[in-house]
Structures are given as structure tokens and as C-alpha cells.
Amino acid sequence: MSKSASFVTSIGQFKQGNPGKMLLTTLQTLLLPLVGLLLFLAVWNGVAKSIDTSLGQFPGPAQVWTQTLTLIDEHSAQREKAEAFYERQEQRNAARVAQDPTYEPKVRPFTGAPTFFDQIWTSLYTVMIGFLIASVIAVPVGIVCGLSKSAYTAINPLIQLFKPVSPLAWLPLVTMVVSALYVSDDPMFSKSFVTSAFTVSLCCLWPTLINTAVGVSNIEKDLVNVSRVLRLKPLTHLTKIVLPASIPMIFTGLRLSLGIGWMVLIAAEMLAQNPGLGKFVWDEFQNGSSESLARIMVAVLTIGAIGFVLDRLMLSLQRKVSWDKNSVLR
Amino acid sequence: MTAKHLELTQVGIDFPTPKGPFTALKDVNLKIQKGEFISLIGHSGCGKSTVLNIVAGLHQATSGGVILDNAEVKEPGPERAVVFQNHSLLPWLNVYKNVELAVKQTQRGKSKAQIRQWVMHNLELVHMTHAADKLPSEISGGMKQRVGIARALAMEPKVLLMDEPFGALDALTRAHLQDSLMEIHADLGNTVIMITHDVDEAVLLSDRIVMMTNGPAATVGEILDVDLPRPRERLALADNPQYNHYRHEVLTFLYEKQKKIEPVGRRTTQNKSASSSKSDAA
């Protein structure tokens, strides 16, 4: 993303007609992060060598890289296995149908252990669902709170009470409630998924709710007066004035929420043994082989990278829908 | 045409403050005829904007009331369009859509083509058709104010209310917009109430200048009839003795009769209440 940032600055410099300075800033925006990264790798390498744990030496960049490649190999190996499994199953079923046309072929899913990349996918899917549920609730409630002072006064104590609650405190309750209420013979989603998603939702609600309420209540008074003079109907007032005016603040809230949701999810998966990256980390920790720490480190870096990408996606979405093109978003 | 078009009778307003109600306006009486151009002038904080907001329906008078064409003003409405001081265009809509919002709201049942034509007609009045596709952030302050005027005109208001419409503009742009406003007023003949700080602007544009006393409990001090033939030319008027006489009258009212003592050092007890009330009344 620093690339796009540098691109913007270079256009700015280009307009000012200063190619020398432009080149310098481009180099700076590209090189400085690289310098930082290299320094970090060097320090990591040095420190890692001097830490000996019961699982062997703390992994340096080299070991982590090796494990990254191993995880990719394991993933493709597992994929091949799965493909072979489905192929065999199909052949078997075809043969039995040929023998006996009344036979209804059974299709069984492949039950191999999920690989690192399967876990990434599970986590991403879960956090997105949890985040969406939270947003669908938080944005309307936030708008109501922003429009009506009485609603805000009524809801504010609840917000303040629940906002600081750690997700891990919710987790046992959510687990039990989901087990009790989500009963079905053929569930569409697994219970662990529902538990994780709801825990994420509970923690994603607050930043969006608060920022939406602040955004809505801070709409310029003159714009509200324009709406009054035009006698806009409440719904038109909402769609034409309130929503567009508060979009920047709503998105600030959404971005914060998604960041929190991602952190919460990993913790929830570790604690509740729900499939996902958190479980991967915990399993590796329990496994305790000499590669475990390096594999955990791969997961840590992946979690960070995905969090970063999610935030940047939200940011570009915000840039796209926000009318305030002059505001500097970071 | 009867003389009664817009009438303010014994209008007063109290604002609640922690120290009890604060009387911003008291006994404001004003009769305005159809097509008249009225300026409200007075020191800042004297409640000019409050008068305008009461006529607009954005504020409710505590006592007295406003009657427009035999109907009491109780709420805001497009027949009393407001041009706000800082243009108040919706920043996420382009110039065309800003005006279109007002047109769609007030000209119900019109076809798409008619709406488009009416929007463009009003942009034409303020010479802004060339920037129809631009966002408010992409045009200058004077242009934004033009669009604000176009939006108000597009509502086909009985009364056009302008709250220091040119206050935030530089002198040249302001003169330009004043000329445009005079043309539009000559064409359309709307009733206009305009708040201003600018004595020249008031004399140049108005049929009558309503001069307000200082608050608290501000009211109409004097009303000056400006009997200059229209169309008025600012250059020709600069040497006109009649014009200068009117200017002098307004200046005398503002700087002798309603002298506002702005304390430099310590406030004296006498004008303490007057200055502290400024923010409430404005």
C-alpha cells in the first residue's frame, strides 16, 4: 500500500513540476519501509539465536521461512489426497451403479485434517460473518442514538458497560447458549462456527455503534435546516442527508470493529478449540515438536498480514464511498 | 393586491439559559409587501438571524407571530426558502443534484424532462450551468453561494430569506453577486428579506432598510425607505447625493444611536449583560 501512497505523492510532486524531488520522495517511501524491515529481521535473527526454549532454539527468519514452505507443501499434498479420494469414490460409485442401476451412490466428504490454509479460510469466513452481523445491528442502532438524544441517553450506560468486556468472558456464555438454542439434526453451520462468529459480533458492535452515533449527531446544523426547509420526509431525510453525512464516521467505526473482530476471533478459536488460525496455533503449541515454534511464528505473521490486508480493504472501500475526497485517511 | 403579504406582529423570543430565560427579541413589528426587498441591519448579536429564523419557521417565537398570506407560520417550508450564510450545499451531491433535490421536493408530479429543465433554468439565472457536474468542494465560495441562491429560487418561494449571503465573500465577488441578485429580483419579483452587515449593500439593494437596536430584548429601531430608481448602478450611485444621504442615515443609526461599546480592557458592569448575551442571540 505504501506503493499507492507514494504514487499519490509523486503525482502531487509531478504537478508541482519537480521531478528531482519526486524521485527522492518515491525512493524514500519505497526504501524506508524496506530499511525498517531489514533491521527488524537482523535484530530478530540475533535475539532468536540466544533464546533456548524447551522446544529448542527460538525460530529465526530462516526457520520460519522453511516452515512456510513446508506448510504450503503440506497443503498441496493434502489437496492431492483429497482429489484422489474423491476420484476413487466416484469410480467406486460408478462401478456399483453399472452393476445395479437402482443403487443410490453415497458421497462422503474427505475427512483429512484441515491444513494451515484451510484454517485461514475458516477464520476469514468466521470473522466476516461475525462482523456483518455486528454491523447490521450497530449501524441502525447508532443512527437512532445519533438522531434521538433520549435514545442515546437510554442506551449509553449499556454501551459503556459492555464495551470494555473481554471476548474471553463472553465465550463460555456464548458457547452454552449456542449449545442450548442452536439444536438441529442437520445444522447449516457447525456450532463452533456460530459460537466464534457471535463472540466476534459482540465485540465488533461497540466501535461502529459509537462512531455512527457521533457521526449522526454531529451533522452540520445548516444541513439539517436545509432538510427542514425542504420538508424532507423522515426516510428521505435519512437517506439524503443523515447517511451520506455520517458515512465517513460510520466507516471509521467499521474499520475499528473489523480490527477488533480479527483479534477477538483468534483468541476465541484458541480458547474454544474452534477451527481456525487460533486452533492451529494452539494445536502446534500442544504438539510441541521442534518445528512448532517456527510454525506458530508463521501463523503470527499471517494473522498480522491478514489483519493489515483487511484494514486496507476497508480503507479503500471507505475512500470509494466517502464524499470527502480531501480528507486524509490513514 | 392588499398591503398585507408578510406580517410580523409583536414577535418576541426567549432562550432558556441556566440563569433563567434570556429575552433576545421583543415586540418586533414589521409589515412587508409583496415583492419588497428588505434588509435587516444591526450590530452582531442583535438578533437579526433570529428574526430571519422565526420567519423561516426554524425558530418558534415565544410571543407574537408571523403571518404569510393569511396563514400563520408554524414550521419551515419551501415557500420561505433560506439562503444560508455558508451556502450549506450538500457536499456529496454535485451542483445539479443539489438543486434537483429542492426541485424534486417542491415540484411534485413533474416529468423528468421538466425537472431537468427547471433545474437548468435556475442554474442559468445565477450563471452556473457550466459547473452543473462539479462537486461543491470543486468550486469557489462565490460559486457555491450562487448555487445556494439557485437552490432557494428553484423552490419558487413566496419569500426569499437570506442570512448574510455574501458575508463570507471577497469584495469583488460580492459586488458581482449583488448585481446578479438585483437582476434576479427585477425578473422574478420575489419578496426578499436579507440580513447584512454591509451598509453599502443594504442601501444598494433594498427598498427598505430595517435597523435593529442592540440586544437584549432587541427590536426594530428605525425603518429607512430607500427611494432610488431601479435598475440601480453602483458606479452611478457612488456620486449620488441621495444615495450618500441614505448611507449616512444608516451609519448614524449604527454608530451614534446604537453605538456598541466593545470593551477593550475590563468590561464595565453596564454593558456586561449586552456583550455576554451576544452568543445567545446570534
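Start by selecting B:Val99, B:Leu161 and B:Val250: in this predicted model, they have the most contacts inside the largest nonpolar core, a set of 79 residues. Such a core joins buried Ala, Val, Leu, Ile, Met, Phe, Trp, Tyr and Cys residues through C-beta atoms within 7 Å, where buried means that 20 or more other C-beta atoms lie within 10 Å of the residue's own, all placed from the backbone. Next, colour helix α4 (residues 141–154) of chain B, which gives the most to this core, with seven residues; helices here are DSSP runs (H or I, at least four residues), numbered from the N terminus.

Now switch to chain A for a second, separate core of 50 residues, including A:Val200, A:Cys204, A:Val242 and A:Leu293.

A:Leu293 is also one of the buried residues of α11(A), among them A:Ile296 and A:Ile303. Select that whole helix, residues 292–321 of chain A: its 30 residues reach 43 Å from first C-alpha to last, close to the 44 Å expected at 1.5 Å a residue (1.5 Å times one less than the number of residues). What do its buried residues pack against? Show β1 (52–53), α3 (61–99), α9 (234–272) and α10 (277–287) of chain A; strands are DSSP runs of E, at least two residues.

Finally, colour chain A by pLDDT, the predictor's confidence in each residue from 0 to 100. The chain averages 87, but residues 1–14 stay under 50.

A note on conventions: residues are numbered from 1 along each chain as its sequence is written, and chains are lettered from A and ligands numbered from 1 in the order written. Local features need pLDDT of at least 70 and side-chain atom pairs count only at 80 or more, while totals for chains, interfaces and linings use all residues.

Key:
Two residues are in contact if their C-beta atoms, placed from the backbone, lie within 7 Å. A residue is buried if 20 or more other C-beta atoms lie within 10 Å of its own, exposed if 12 or fewer, and partly exposed in between; C-beta atoms are placed from the backbone.
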